[in-house]
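This report covers aromatic ring pairs, the sheet around them and the nonpolar core. The sequence and structure come first.

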Amino acid sequence: MNIYVGNLSYRMGDSELEAVFAKFGEVVSAKIIMDRETGRSKGFGFVEMATDIAGNEAIEALNDSDVEGRKLRVNEARPREERPRRQF
């Protein structure tokens, strides 16, 4: 199950994000999205859990929970919408 995690601390790295979710089951991947220009975190990321059961438990427990002083927004990730590329 792929999970969206928003409102992350800008200091949090992939391994810290993985550790938060590992309490609920096997984490296949944990990736914080970085800004291409600055290299800084954009404050959100995605976690892939091995099973839907573990994913749902993590969503229930972590949504609106306080991690590093920020209230996380955690829900099942939706497929990315196709948007036309911006022309400059």
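Which residues do ring pairs link into a cluster? The cluster consists of Tyr 4, Phe 44 and Phe 46. The model is predicted, and the values below are computed from it.

**Aromatic pairs**

The structure holds three aromatic pairs. In one of them, the ring centres of Tyr 4 and Phe 46 are 5.9 Å apart; the planes meet at 65°, so this pair is edge-to-face. An angle over 60 degrees is what that class requires. The two residues come from distant parts of the chain, being 42 residues apart: Tyr 4 belongs to strand β1 (residues 2-6) and Phe 46 to strand β3 (residues 41-49). Phe 46 also pairs with Phe 44, again edge-to-face, with 6.1 Å between the centres and 85° between the planes.

How exposed are the residues of the cluster? Tyr 4 counts as partly exposed because its relative accessibility is 22%, and the cut-off for buried is under 20%. Phe 46, at 28%, is partly exposed, and so is Phe 44, at 24%.

A further ring has a charged neighbour: the charged end of Arg 40 sits over the ring of Tyr 10, at 5.2 Å from the ring centre.

**The sheet**

Four strands make up an open sheet in the order β2-β3-β1-β6, and their pairing is antiparallel. At the edges are β2 (27-34) and β6 (73-76), each of which pairs on one side only. From one strand to the next the twist averages 20°. The strand pairs are listed here.

| Strand pair | Sense | Bridges |
|---|---|---|
| β2 and β3 | antiparallel | six |
| β1 and β3 | antiparallel | five |
| β1 and β6 | antiparallel | four |

What is the bridge partner of Tyr 4 in β3? That partner is Phe 46, the residue whose ring also pairs with the ring of Tyr 4. Toward β6, Tyr 4 has Asn 75 as its bridge partner. Phe 46 in β3 also has Lys 31 standing opposite.

**Helices on the sheet**

Helix α1 (residues 14-22) packs on the sheet and touches β1, β2, β3 and β6. The direction of α1 makes about 140° with that of β2. Helix α2 (residues 52-62) lies across β1, β3 and β6, and runs at about 155° to β6.

**The nonpolar core**

In soluble globular proteins, nonpolar side chains tend to be buried together. Here the largest nonpolar core has 20 residues. Ile 3, Val 5, Leu 17, Phe 21, Val 47 and Val 74 are those with the most contacts inside this core. At least two core residues come from each of β1, α1, β2, β3 and α2. Which element supplies the largest share of this core? That element is α2, with four residues.

What does Phe 21 touch, leaving aside residues up to four places away in sequence? Its contacts are Ile 3, Val 5, Val 27, Val 47, Met 49, Ala 58, Leu 62 and Val 74. Among these, Ile 3, Val 5, Val 47 and Val 74 are also listed with Phe 21 among the core residues with the most contacts.

Definitions and conventions
Residues numbered from 1 in each chain as written. Predicted model: local features only at pLDDT ≥ 70, side-chain atom pairs only at ≥ 80, totals over all residues. Heavy atoms only, no water. Phe/Tyr/Trp six-rings, centres within 6.5 Å; stacked < 30°, edge-to-face > 60°. Buried < 20%, exposed > 50% of the residue type's maximum accessible area, 1.4 Å probe, protein only. Lys NZ or Arg CZ within 6 Å of the ring centre and 35° of its normal. Pairing = 2+ DSSP bridges. Axes fitted to C-alpha atoms, helices over the stretch in contact; angles between N-to-C directions. Contact = heavy atoms within 4.5 Å. Core = buried A, V, L, I, M, F, W, Y, C linked by side-chain atoms within 4.5 Å.
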